[in-house]
Amino acid sequence: MKERVEKALNDQIKKEGQSSQFYLAMASWAESNGLSGTSGFMYKQSEEERFHMLKLVKFINERGGIAIIPGFETPPTEFESVLNVFELLLSHEIVITESINDLVEVCLNEKDYTTHNFIQWYLSEQLEEEALARTILDKVKLIGEDKAGLYLFDRDLENSTIQITPANTVSPGA
Ligand code: OFO
């Protein structure tokens, strides 16, 4: 595996792991604030990011490279609100999408078409995650300061009745 590709993949391992920790912090904050739907959603997101990290670790090792298992910075323990949590989720996912795009560029420059192919899965994953974050954020914005609305939103998240739709809207039943 070319050095530049290996380095870019290792950088991505760190980013996926940091995402997992960040979402875990959000899950924990939501849990301690009685928001079980939001917390369940964030625990799941955190698990997914950990899976993304592991997938990269295994890919690098399978191709004869050396995966570097990173240490992580401590994420925040406090968040302003549910709105703040989902704003952070979306902005973080946008940054990760840019990073995956950079990774694609490195693969093309280095003519590493196998890794390029592998990274396509991350591209579509990012597309879905950004769409989901936008969908949820739109809904949280609609709620505003309405406490009853927040209760129903959190309950819907818990029951997984909020789903991504291509038109960036919330599913019926939510
Ligand atoms: Fe790893 O999928 Fe988003 O960040």
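Mentor: Before we look at anything, a residue counts as buried when its relative accessible area is under 20%, as exposed when it is over 50%, and as partly exposed in between, using a 1.4 Å probe and protein chains only. Please also keep in mind that this is a predicted model, in which local features need pLDDT of at least 70 and side-chain atom pairs count only at pLDDT 80 or more, whereas totals for chains, interfaces and linings use all residues. Residues are numbered from 1 along each chain as its sequence is written, and side-chain values use heavy atoms, with hydrogens and water left out.

Trainee: Okay, T115 then: buried or exposed?

Mentor: T115 counts as buried, because its relative accessibility is 0%. T115 sits in helix α4, which covers residues 113–143; helices here are DSSP runs of H or I with at least four residues, numbered from the N terminus.

Trainee: And what does its side chain make a polar contact with?

Mentor: The partner is the side chain of D112, at 2.8 Å. A polar contact is a pair of N or O atoms within 3.5 Å, where within protein one must be able to donate a hydrogen and the other to accept it, and residues adjacent in sequence count only if both atoms are side-chain atoms.

Trainee: Which residues form the aromatic cluster?

Mentor: F51, F59, F118, W121 and Y122 form one cluster. The charged end of K55 sits over the ring of W121, 4.5 Å from its centre; the rule for this is that NZ of Lys or CZ of Arg lies within 6 Å of the ring centre and within 35 degrees of the ring normal.

Trainee: How many residues does the largest nonpolar core have?

Mentor: That core has 24 residues, and those with the most contacts inside it are F41, M42, F86, I136 and F153. Such a core is a set of buried Ala, Val, Leu, Ile, Met, Phe, Trp, Tyr and Cys residues joined through side-chain atoms within 4.5 Å. The elements that give it two or more residues are α1 (3–32), α2, α3, α4 and α5, and α1 gives the most, with seven residues. A second, separate core has 18 residues, including I13, I96, F118 and Y122.

Trainee: What about E16, buried or exposed?

Mentor: E16, in helix α1, is buried, with a relative accessible area of 0%. Apart from residues up to four places away in sequence, E16 touches E49, H52, M53, L56, I96, I100 and Y122.

Trainee: What comes after helix α3?

Mentor: K111 follows α3, with a positive phi near 55°, although K111 is not a glycine. Most residues other than glycine have a negative phi. K111 is in the loop between α3 and α4 and is exposed, with a relative accessible area of 59%. E110 is in that loop as well, but E110 counts as buried at 17% relative accessibility.

Trainee: Last one, where does N61 lie?

Mentor: N61 lies in helix α2 and is partly exposed, at 43% relative accessibility. A polar atom of the N61 side chain lies 3.1 Å from the backbone nitrogen of A67.

Conventions: Rings of Phe, Tyr and Trp (its six-membered ring) pair if their centres lie within 6.5 Å; planes under 30 degrees apart count as stacked, over 60 as edge-to-face and the rest as tilted. Contact means heavy atoms within 4.5 Å.
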